Amino acid sequence: MVVGAFPIAKLLYLGVRQMSKPVANRIKAGARRSEFFKTYICLPPAQLYHWIEMRTKMRIMGFRGATIKPLNEESAAELGAELLGEAIIFFIGGGCMVLEYSRQAANSRRKEDELNATITSLQTQLAELTLTTETLDAQLREVNRQLLSFPLPSKK
């Protein structure tokens, strides 16, 4: 049963990852249409991303004090929607990785528990066999003691 579940889980993860791209595209399209979404969700991260990117490029080229002009609203909305779509894909992929890790950890823990149960069972059986051997050894010594206590037949 576990062997059959393994390919199904992988197939499910692959399906979720494949579905994340159209979902991200649909959210991006909604972000472009909705003024609230555009203004409060897309524009601030896009402007921040643009500012960080331009500041880094300017420092690499050696311009330290240059001011960075913000993107126009249309470009910022487009960039923000792209960033949002990529973030969604990233989080879905990360979620799939976390789920796969936890599944593998659970399988590993289950196998370790089974191995520990087997070891405990073998140790219990060994203790029982040791006790049985000691009991049989004591009985054998008792039989030998009784045999030695009988008088030897005399020759007449």
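Analyst: A disulfide is a pair of cysteine sulfur atoms within 2.5 Å. The model is predicted, so local features need pLDDT of at least 70 and side-chain atom pairs count only at pLDDT 80 or more, while totals for chains, interfaces and linings use all residues. Residues are numbered from 1 along each chain as its sequence is written, and side-chain values use heavy atoms, with hydrogens and water left out.

User: How many disulfides does the structure hold?

Analyst: A disulfide is a covalent bond between the sulfur atoms of two cysteines. A search of this model for such bonds gives a count of 0 disulfides.

User: Is Cys 42 buried or exposed, and what about Cys 96?

Analyst: Buried means under 20% relative accessible area, exposed means over 50%, and partly exposed is in between (1.4 Å probe, protein chains only). Cys 42 has a relative accessible area of 1%. Cys 96 has 8% relative accessibility. Cys 42 is therefore buried, and Cys 96 also counts as buried.

User: Which residues line the largest pocket?

Analyst: On a 1 Å grid over the protein atoms alone, a pocket is an open set of points with protein on both sides within 12 Å along at least five of seven lines, a cavity is a set where a 1.4 Å probe fits but cannot get out, and lining residues have an atom within 4 Å of a point. Grid points are joined across faces, edges and corners, and a volume is the space filled by probe spheres set on the points. The largest pocket has a volume of about 170 Å³. Its lining consists of Lys 10, Tyr 13, Leu 14, Arg 17, Gly 93, Cys 96, Met 97 and Glu 100.

User: Which helices each supply at least two residues of that lining?

Analyst: Helices (H or I, at least four residues) and strands (E, at least two) are DSSP runs, numbered from the N terminus. By type, the pocket lining divides into 4 nonpolar, 1 polar and 3 charged residues. Here Ala, Val, Leu, Ile, Met, Phe, Trp, Tyr, Cys and Pro count as nonpolar, Asp, Glu, Lys and Arg as charged, and the others, Gly among them, as polar. The helices that each supply at least two lining residues are H1 (2-33) and H3 (73-149).

User: Which residues line the largest cavity?

Analyst: The structure holds 1 cavity of 30 Å³ or more, and about 30 Å³ of space lies in the largest cavity. Its lining divides into 4 nonpolar, no polar and 3 charged residues. The lining residues are Arg 55, Met 58, Arg 59, Phe 63, Arg 64, Ala 66 and Ile 68.

User: How many aromatic pairs does a search of the whole structure find?

Analyst: Rings of Phe, Tyr and Trp (its six-membered ring) pair if their centres lie within 6.5 Å; planes under 30 degrees apart count as stacked, over 60 as edge-to-face and the rest as tilted. With this rule, the search of the whole structure finds 2 aromatic pairs.

User: What kind of pair do the rings of Phe 36 and Tyr 40 form?

Analyst: Both residues, Phe 36 and Tyr 40, lie in helix H2, 4 residues apart, about one turn of the helix. Both Phe 36 and Tyr 40 are exposed. Their ring centres are 5.0 Å apart and the planes are at 45 degrees, so the pair is tilted.

User: And what kind do the rings of Phe 90 and Phe 91 form?

Analyst: Both Phe 90 and Phe 91 are exposed. The ring centres of Phe 90 and Phe 91 are 5.7 Å apart and the planes are at 65 degrees, so the pair is edge-to-face.

User: How far apart are the C-alpha atoms of Arg 33 and Leu 148?

Analyst: Arg 33 lies in helix H1. At 67% relative accessibility, Arg 33 counts as exposed. Arg 33 and Leu 148 are 115 residues apart in sequence, and their C-alpha atoms are separated in space by 106 Å.
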